[in-house]
Amino acid sequence: MSALDPASTDETWMRHALALADRAQREFDEIPVGAVLVGADGELLGEGWNLNIASHDPSAHAEIVAMREAGKRLGNHRLIGSTLYVTLEPCAMCAMALVHARIARLVFAATDPKTGACGSVFDLVGDARHNHRVEVLGGVLAQEASLRLTNYFRAKRGRPLLTLEDM
């Protein structure tokens, strides 16, 4: 992945996160959210998918799982210079974890109109009262991520699934 084309890099990593979201649903019947944490050098530091239902852990969101893996790998709770790619806009818990970890950049796919905390409902990562702010780019492959989430809940309710053309 070339640093010369950040949009292509963002899309590539988001596709990786989407594959993890698929895994969450397929293997664990979790809400399909995936996350990938990438270092400033472009190295994969951690990845995760929602595991809160399967692990009986309300904090096991995809973002937290990826950050925990990266922290263990680096031997540090600070993830300075890293970029987190996630298929759904982080909630308040995850947004504040990004701030505390000193993540440099957040790239997310779909906005969360109910609990989004990175620009839609709240903007915790950009709040000037914090001693660290996270650069945010939303909407990368948003339709693909939204379709997964919509179809997950439609299937749970016994409703017909949609296609990208329906979105």
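This is a predicted model: local features need pLDDT of at least 70, side-chain atom pairs count only at pLDDT 80 or more; totals for chains, interfaces and linings use all residues.

Residues are numbered from 1 along each chain as its sequence is written, and side-chain values use heavy atoms, with hydrogens and water left out.

Select α2 (62-74), a helix in the sense of a DSSP run of H or I with at least four residues, whereas strands are E runs of at least two, both numbered from the N terminus. Its 13 residues reach 18 Å from first C-alpha to last, close to the 18 Å expected at 1.5 Å a residue, where the expected span is 1.5 Å times one less than the number of residues. Buried here (under 20% relative accessible area, 1.4 Å probe, protein chains only) are A62, E63, I64, V65, A66, M67, A70 and G71, and what covers them includes β1 (34-38), β2 (44-49), β3 and α3. Move on to G75, which follows α2 and has a positive phi near 70°.

Next select α3 (residues 92-101), whose buried residues are C94, A95, L98, V99 and A101. These pack against α2, β3 (83-88) and β4 (105-110), contact meaning heavy atoms within 4.5 Å. Just after α3, look at R102, with a positive phi of about 65°.

Finally, show L88, D112, T115, L149 and F153, which among 21 lining residues lie nearest the centre of the largest pocket; a pocket is an open set of points on a 1 Å grid over the protein atoms alone where a 1.4 Å probe fits, with protein on both sides within 12 Å along at least five of seven lines, and lining residues have an atom within 4 Å of a point. Helix α4 (residues 142-156) gives the most to this lining, with 4 residues.

Notes:
Buried means under 20% relative accessible area, exposed over 50%, partly exposed in between (1.4 Å probe, protein chains only).
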